[in-house]
Amino acid sequence: MTTLRTDTPRAKPVHAMQPSGREIPGNRTFTFFREFFRSPRLLGTCFPCSKQVAAAMTDGIGLETAMSVAEFGPGTGAITPSILERINPDAVYFAIERNDVMAAAFRARFPQVTLHEDDARNIRTIMRGEGVEKLDIIVSALPWLIFPEEVREPMLTEAVAALKPGGIFSQITYFADSLPAAKKFRRLMERHFSEIRAVRRVWRNLPPAFVYHCVK
Ligand SMILES: C[S@@+](CC[C@H](N)C(=O)[O-])C[C@H]1O[C@@H](n2cnc3c(N)ncnc32)[C@H](O)[C@@H]1O
């Protein structure tokens, strides 16, 4: 069942967004850290990702020509500036964040970006509200490895269904193939996508990360 909020304004094309220089009150890393202890199963890590991870997630995925982009689990917005730097000004871009404190921090930092305080599993309902038929790109920092299996597969199925053929799913993970859960998630991605086009290792992150670029 969806929790789609009817008071969330529709996403504007990027060129119509008002740029914002406002920083969120308090320290972003502290907000992240505190929320990790409040709901570890939602965040999966106690640190926001690094600029190097944000670049690895957003370089070479076609943001410059995309028309529709969604960000899953933006948290306090560690990847968002890299998306905004690269994205086609005519694209529609919105984010989906489930944690209320993270959502408030994100809105304070990026008031120009439409954020749906919702579950990414509801992506297709959210797209209908946005008038978006299919997405070119999903940039996701969702903590898939800690999702229960009964959540993981249906959620990935929804994400894939939301993408156009040839659409890109850019995902961060922390334990490439070293943990059973990571191996299972990789196999799940292999089953759901036609190709895993790139796997990038990023050492400059806490913990070191892997970024997958998957093609529908
Ligand atoms: C690891 S944090 C990543 C935050 C940020 N993008 C970064 O890289 O620093 C994962 C984020 O996903 C959000 N999240 C977890 N499950 C979600 C879901 N089902 N739908 C939307 N957001 C979710 C969490 O609240 C958290 O903000």
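## Ligand shell

Here, Ala, Val, Leu, Ile, Met, Phe, Trp, Tyr, Cys and Pro count as nonpolar, Asp, Glu, Lys and Arg as charged, and the others, Gly among them, as polar. On that scheme, the shell around the ligand has 14 nonpolar, 5 polar and 4 charged residues. This is a predicted model, where local features need pLDDT of at least 70 and side-chain atom pairs count only at 80 or more, while totals for chains, interfaces and linings use all residues. Numbering starts from 1 along each chain as its sequence is written.

The ligand has 23 residues around it, the closest being Pro-48, Gly-73, Gly-75, Asn-99 and Ala-141 (near means a backbone-placed C-beta atom within 6 Å). Elements giving two or more residues to this shell are α2 (40-43) and β2 (92-97); helices are DSSP runs of H or I with at least four residues, strands are E runs of at least two, both numbered from the N terminus.

## Pro-74

Pro-74 sits in the loop between β1 (68-72) and α4 (80-86). It counts as buried because it has 27 C-beta neighbours inside 10 Å (20 or more is buried, 12 or fewer exposed, in between partly exposed, with C-beta atoms placed from the backbone).

Beyond neighbours within four places in sequence, Pro-74 is in contact with Ile-79, Thr-80, Ala-95, Glu-97 and Phe-106; contact means backbone-placed C-beta atoms within 7 Å. Met-102 is 28 residues away along the chain, with 8.1 Å between the two C-alpha atoms.

Methods:
Two residues are in contact if their C-beta atoms, placed from the backbone, lie within 7 Å.
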